[in-house]
Structure formats: C-alpha cells, structure tokens
Amino acid sequence: MSGNGAAPERGAGRPVDSAGGISFFRRLWRAARLLPDGAAAGPVHPVLRLYVRWVRQPLLPAMRLWRRNIQVRVVATTLLMSLGVVLLLGVVVIGQMRNGLLDAKRHASMSQAEGGFKAARDAADAAADRNQDAAQAGGRGLPDSGAWLTQLVQQLASGGQGVYHVVALSADATDTTSVGTRGPRASGDIDPEQSVPAELRRKVDSANGAFETPASIKRNSSDEGAPALAVGKRLYDVNGKPYQLYYLFPFTQEEKSLTLVKTTLATAGVFVVVLLGAIAWLVVRQIVTPVRMAAGISERLAAGVLHERMKVTGEDDIARLGEAFNKMAQNLQVKIQQLEELSRMQRRFVSDVSHELRTPLTTVRMAAEVIHEAREDFDPITARSAELLYGQVDRFESLLADLLEISRFDAGAAALEAEPIDLRDVVNRVVDAALPLAERKGSRLLVQGAEQPVIAEADARRVERVLRNLVVNAVEHGDGRDVVVRLAVAGGAVAVAVRDYGVGLKPGEATRVFNRFWRADPARARTTGGTGLGLSIAVEDARLHGGWLQAWGEPGGGSQFRLTLPRTAGDSLRGSPIPLEPEDSRRNRGLNESGVPLAASGRGVPGPAPLPAAVPAQTRNVRPAADPTALPGSGARVVTRPGGARNDNAAGTGPQDRSRT
C-alpha cells in the first residue's frame, strides 16, 4: 500500500504474447498456483498444471535459498567455475599425456621393429649361406621354409614376451589358407589374420619399407580386442620367397599410465574444488556477516528500535562501514526524536485548539442562527452578510470536526469497531442521503452489483463516511452527468467503486488528491467542496481496515475512486474484484487523449475529447461485471483486453480548477 493509501496494481512489464495475454512460459510457471477461489492463473490444461506443480514444488526451497542468500550464490558460482577450470585443465593434461605416450610408443616400437626386421634378414641370409655350403658338399638341398618361419617367429618373440607379439603372413593377401611357407604364424594365442589390419597388409604388400598403424589384438580365446600398434614389413625367407613380418605392440602399459594420470587428476581436482569452495565460503562469510548484521539492525531501526548499533572491530573497510552506519543511526535517532517531539507538540496543539474552539464556536453558532433567522428585518447587504456568516460557521464546524478526526488518526487513537455488515445497506443509505444534491446538480445515482449480498467485517460508520465523501465529490464534480456506484465481491475482498463523467483528473493527480488540503489549482480560493480533509480521512479509514483507497481519472473523461476491503478483518488483500480503470475509459475504447481512435490518430485532426454517453438507467439489481476468478496469485488485478492492454494503477488527475475533499 502506497503512502496515500493506494496499492499500485501490479503486472506492468510482464511479457505478453501476440494475443495480448501473459506469455505461455509464465502461464506454465504460474500454473501450479491456484487462486483463493480455486481458479487457475491462466489457460493451462489441468493435467499439465498438476504436472508442473509436481515438478516445481521441490525446486521452490532451493530457488528461495538462491535468491535470498548471497553467500550460497557466490560459493556455488565459485564451485562451478572451479569445476569448469579443473575439467578443462584435466582435458588438456590428459590430451598432452596421451599424445606424449603415443609418440614415445611409436618411436620405441619402430626402433624395436627395425631391429627385429634386421635380425630376420640376417637369419635368412645365414640360413641361405649354410644351405649353399651344404649343397656344395653334396648334402641336403633347400630347407623347409615353414619350419624356418616358425622357428624365426618363436626366436623373435622370445625376447619380448608381454611387450610385443610377432606375426608372419603370406605376401599374397588373397591366399591365407595354404600351408607351408604361405601359412600364418604368430606368437602366443593371438589370431594373426584378425589382429593385422587389412589396410596395413596392402601397404606392406605393395611397397618396400616398414609401415605402422593402430590395430586391435584379437585372441583365439576371446572376441574382445586390445588396442595396439602394428608395424610390418615385407621380407624374404631362406628360399627367397616373400613374406610379411609384423610386430604388434599392445598399449597395456600406456593405458595403465594414462589411467593413473586420470585418477590422480580427478582426485586432485576434487580436492581443489572443495578447497576453493571452502575458501570462498570463509572469504564471503567475512563480508556477508557484517552486511547481514547491518540488514538486521536496519530492520530493527525501521521497526522503531532506534538504539540498535553495529559491533565494530578492526580498522578495515568493513569497520569504517560499521562506524559510518552507527553514526548515521545516531543522527537518525536524534532527528526522529526531534520530529516525534515536534509531531507530538503539533498534534497536541491541534487537539487542544480544536477542543478549545468548541465552546466559542457553539456560542458563535447560536448567535449566527439568531442573526440568520432575523435577516429579513435587515437591509439587503446586512441580510447577505448574515447568510454568509451562517454558511461559514457551518463550514468552520465541519472543519473543526475533521481536524479532531485527523488528530485522532495522528495520535493513533482511532479504533476500529468491525462487525459483519452488508455493504449494500451502506451504499443505499449514502445514495439516499445524496439524492437531493444529485437532483440539484442534475445527476442520476445508479447502483450496480447489488443483487447479491456483499458481506464484510468492517466499521459501518467509517465505511459510510468514506462512501459518502466519494459520492458527494462525484456529484459535485460530475457536471450533471450520471454517477455509477458499483459493488463486487471475489475471493477474500470486497470493493465499491464510484464512477463519474466530469472533468476528471490530470496525469499525476491520482495520488496527490488524497493529500490534506490539496487543490488542483492552488491559486484559486476554496469556494466549492468541503474542508479539504475528506479524502485524507477516507484514506485513513481505509488503512484502518487494512484496505485500499485508489483513484483513477483522465482529463475530460471523468474519474473513478475504488475502495477495497478484506472480507475478514485482519486479512491481507491480494487484489480487487473491480479494475481501477473502468471499461469505458478512452484507452479501453481505443481512443487517444484527444478522443481520436488510435488507428486513425495519425490522419485525423485532434479535436475536443467526446464525453461518454450517459449511462443507461439501471436498477440496483444488476449483476456485477467483476469476474470472481480475476484475482491473480500475485495480488495484481490484470484484465486482458484485445491488444494486450492491462488495467494498471493509472496516474489519476485532479479536477480542473476544483478540489476533491
């Protein structure tokens, strides 16, 4: 509730879709919340609403903690950023380690394979020389190539058990099933044909030199492969026939080293992240603790505990902040005490003067009545003076009564005598009392929404005073047009709106109209209206009920004052069943300030604003236009209209050259 008793209508700035309503995602998020009367917050399917509510409910405590605790946000952000840095560093280190191990493995494998290839050539040359010598001596001829290859593979593999495997294949890649020198041979239980990639065999078979490529070692006892590096070369056996010799170097040791590095980095990363989180928690705590202390002390200062001070230790920036805060609190305490003393003196003065003036005012009033009754015996000038004296005494008496009432509010002595009442009866009494004034002004008083009970726990005397003030003001400033009094009830609130079609309010005057002795034109004397305290007293009465008194208006389009009260005394208001801006306002009718349709305002010639048509005569039993399901969970009263327009707490404007009291 604002300082003038008006609670602004929330909802401005919300995203809207092309149809002018609330966006789908906001409706989806708000779908889980039901209104007091059981209506949904938007056009969302009930099943989807229940699902969103089920998903959203566990997240609410975490979201609330995230919004309210800066220490949690800083620590969580630090942990996330630290985790990202550790992951990035781990990826880079593991990548560099993998590349280094691969390069080292490649160089070592090529070097070892070249040694094996040289040994195979030397063995073939030595065997060929021995065979030649034996043949010259008349001995045996060419040796068995198959036995020689088997012996060669076993001899080459004997020096590298667990480090590498040796495979000998036929040079003809298309024939791998023949026996003898062209049959596959391998050390251990590996499958020579599945372990050597076909691409590598084609390279070795088509060109001289050693070639290497990644491979997968397949064993006869298992279908799973082990990553390895295959190095191959085409050689010639003792009989001069070509064959392919391969070295398979498994990455077993490299994988163990890489796994050790990963484990080490993961363990170190976890410790680093946890350590950084603890450090961030401690560092932020040193900053947040004084801030929380200052916030708590500020709340207690705002609650009136003016002697609260911060505990200051050290000489750092936080200590200087605490000293400055304590000095500010001390100065505020002194100033507030001075203002309270001055306010008490002023209230006592107003109360004393008001009480003391009662006796002389009674005497003056009696004398004025005597003079007024005998005015026919006076000359015209004296008779007119007697009438003016009698009228000003009435005005003075009303002003004195209003001052006494204001002094009670200022002193906190106003008491609320709430009981269940039907606002229709109060409205009927107010309308009946204002009928003579309306007949003199040429206005009609119309009541809408009185066909059903409008029950609320309220002080009937104070509510009647508020409504009487609003209705009389509407008649006096309505320029002889209809005045509509509208009642509505929805959820936990009741509302009464008074609509006139007079001079209206200028921009910015909807809040100032509730100020004491406020006038739209300060240069003019107060010759019409009341004492200038009526709306101020009405706002205080609304506040005493825990309700709102708000104003809306547009120049030349009239104004509307809305009183909203909780149905149960002591409850808090979440919204009003009647929109503050009436449906027949220029904006709702698609007109600009000059009364020209918005679609044609760029081509039309501005002219005087057309006055609204007279409200058709209606009985007091008309259904209210308020939608009972229109109370959103946020407390805002948002009425969807074509084009996305909303009912906001319009900045009202005061009547031209007139004052509302």
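1. pLDDT is the predictor's confidence in each residue, on a scale from 0 to 100. In this predicted model, the protein chain averages a pLDDT of 75, and 75% of the residues score at least 70. Local features need pLDDT of at least 70 and side-chain atom pairs count only at pLDDT 80 or more, while totals for chains, interfaces and linings use all residues. Residues are numbered from 1 along each chain as its sequence is written, and side-chain values use heavy atoms, with hydrogens and water left out.

2. Helices (H or I, at least four residues) and strands (E, at least two) are DSSP runs, numbered from the N terminus. Among the elements of the protein chain, the lowest mean pLDDT, 51, belongs to helix α1 (residues 24–30), and the highest, 91, to strand β10 (residues 493–500). Over residues 31–42 the pLDDT is below 50, and this stretch has 26 contacts in the model beyond near neighbours in sequence, a contact being heavy atoms within 4.5 Å. For residues 601–661, where pLDDT stays under 50, the model has 211 contacts beyond four places in sequence.

3. The unreviewed UniProt entry annotates residues 70–95 and 265–284 as "transmembrane region"; such annotations may be inferred rather than shown by experiment. Residues 70–95 are 100% helix and 0% strand, with end C-alpha atoms 37 Å apart, and residues 265–284 are likewise 100% helix and 0% strand, with end C-alpha atoms 28 Å apart.

4. Leu-59 lies in helix α3 (residues 59–68). Leu-59 counts as partly exposed because its relative accessibility is 44%, the class between buried (under 20% relative accessible area) and exposed (over 50%), with a 1.4 Å probe and protein chains only.
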